[in-house]
Amino acid sequence: MRKFSNVSATDLPLYIIEENAKELPCEGCRNGQALPFDFSMAFQPLVDLEQRSVFGYEGLVRGVNNEPAYTIMEKVNAEYIYRFDQACRVKAIALAAGAGITERLNINFMPGAIYRPDICIKTTLKAAQLYGFPLSNITFEVVESAHINDTAHLQRIIDYYKEMGFATALDDFGSGYANLDWLADLAPDSIKIDMHLIRNIDSDRKKKAIVNALTSLCRQLGIDVLAEGVETKAERDTLAEMGVVKQQGYFFGKPQFESFETVARDVFY
């Protein structure tokens with residue numbers, strides 16, 4: 001397990017966010033104010049069964065004493081949504097770089113927190129430069145916390161991120177607001193199949209048929225597929241037999257507070 005150590009989790013360089021905020025035309029981001037609450041991150045491994053390795057980690061919001069994500073998210077109102085989104089990026093990059101992570105880092109983002117992709121990405125770029133974390137190792141996951149009416153805006157965000165060298169993913173695919181046309185219009189690099197479709201898939205022929213069809217479709221479109229929420233050996237094996245070799249879930253490791261778990265070798269067999 002690699003522990004974050006080089007930079008204090010509660011003393012990140014907020015000036016990065018503040019400098020970027022001064023360039024924004026939106027009123028809620030120009031004041032340079034810090035968030036009125038602090039938070040940290042836990043990290044869960046992403047595994048590749050075919051390669052028998054951990055290829056990345058997803059950063060998940062936690063309180064500074066490892067409180068659940070909802071204790072933080074309930075504090076994020078319209079006034080703080082932009083600054084929180086930016087702070088999450090800085091926090092995740094700082095923690096990963098401090099632990100010497102060379103694998104992929106998955107960071108969730110809220111489309112509604114991005115005013116203009118070209119301006120809002122500057123915080124991420126400055127943080128990556130400061131901590132020496134490669135942009136090519138960052139994947140941004142679209143969080144569907146609410147219905148997204150302006151898909152054109154989301155497409156502009158994803159297109160711009162791709163131009164900058166980031167990868168993009170659609171999180172919780174199959175149970176949220178995303179439609180199949182998003183696969184064509186947004187052309188993400190990958191999707192993460194929602195855990196509700198994964199749970200007990202070994203004994204549920206309907207879920208198996210849905211995931212099989214979705215996997216086949218993504219393969220034709222050149223979109224990578226990861227199954228999230230894998231909790232049992234039977235689920236792991238069933239998905240692997242279906243060709244879904246990239247997986248995430250408690251079977252491989254729970255999110256670890258401010259640290260990066262190395263997965264036991266026997267989970268790959």
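Trainee: How does F166 count here, buried or exposed?
Mentor: F166 has a relative accessibility of 3%, so F166 counts as buried. Buried means under 20% relative accessible area, exposed means over 50%, and partly exposed lies in between, with a 1.4 Å probe and protein chains only. The model is predicted, so local features need pLDDT of at least 70, side-chain atom pairs count only at pLDDT 80 or more, and totals for chains, interfaces and linings use all residues. Residues are numbered from 1 along each chain as its sequence is written, and side-chain values use heavy atoms, with hydrogens and water left out.

Trainee: How many aromatic pairs does the count come to?
Mentor: The count comes to 11 aromatic pairs. Rings of Phe, Tyr and Trp (its six-membered ring) pair if their centres lie within 6.5 Å; planes under 30 degrees apart count as stacked, over 60 as edge-to-face, and the rest as tilted. One of the pairs is Y57 with F260: the ring centres are 5.1 Å apart and the planes stand at 90°, so this pair is edge-to-face.

Trainee: Where in the chain do Y57 and F260 lie?
Mentor: Y57 is in strand β3 (residues 53-62) and F260 in strand β11 (residues 259-260), so the pair links distant parts of the chain, 203 residues apart. Strands (E, at least two residues) and helices (H or I, at least four) are DSSP runs, numbered from the N terminus. Both Y57 and F260 are buried.

Trainee: And which way do the rings of F140 and F166 pair?
Mentor: Their centres are 5.1 Å apart and their planes are at 65°, so the pair of F140 and F166 is edge-to-face. F140 belongs to strand β5 (residues 138-142) and F166 to the loop between α6 (151-163) and β6 (167-173), so the pair ties together parts 26 residues apart in sequence. F140 has 0% relative accessibility and therefore counts as buried.

Trainee: Which residues do ring pairs link into a cluster?
Mentor: The cluster consists of F37, F39, Y80 and F84. A charge sits over a ring if NZ of Lys or CZ of Arg is within 6 Å of the ring centre and within 35 degrees of the ring normal. The charged end of K246 sits over the ring of F55, 5.1 Å from the ring centre.

Trainee: Turning to the core, which residues have the most contacts inside the largest one?
Mentor: Those are F39, F84 and I191, in a nonpolar core of 70 residues. Helix α3 gives the most to this core, with 11 residues. A nonpolar core is a set of buried Ala, Val, Leu, Ile, Met, Phe, Trp, Tyr and Cys residues joined through side-chain atoms within 4.5 Å.

Trainee: How much space lies in the largest pocket?
Mentor: About 820 Å³. A pocket is found on a 1 Å grid over the protein atoms alone, as an open set of points where a 1.4 Å probe fits, with protein on both sides within 12 Å along at least five of seven lines; lining residues have an atom within 4 Å of a point. Grid points are joined across faces, edges and corners, and the volume is the space filled by probe spheres set on the points.

Trainee: What lines the largest pocket?
Mentor: The lining has 34 residues, of which E58, L60, A69, N108 and D171 lie nearest the centre of the pocket. The elements that give two or more residues to it are β2 (40-48), β3, α3 (81-98), β4 (104-109) and β6. The largest share, 5 residues, comes from β3. The lining residues divide into 16 nonpolar, 9 polar and 9 charged. Ala, Val, Leu, Ile, Met, Phe, Trp, Tyr, Cys and Pro count as nonpolar, Asp, Glu, Lys and Arg as charged, and the others, Gly among them, as polar.

Trainee: What about the backbone: what is phi of R52?
Mentor: Phi of R52 is near 55°, a positive value in a residue other than glycine. Most residues other than glycine have a negative phi. R52 is in the loop between β2 and β3, and at 37% relative accessibility R52 counts as partly exposed. D172, which is not a glycine, also has a positive phi of about 55°; D172 is found in strand β6 and is partly exposed at 31%.

Trainee: Where is Q51 found?
Mentor: Q51 is in the loop between β2 and β3, and Q51 is exposed, with a relative accessible area of 54%. The C-alpha atoms of Q51 and V245 are 8.8 Å apart in space, although the two residues are 194 residues apart in sequence.
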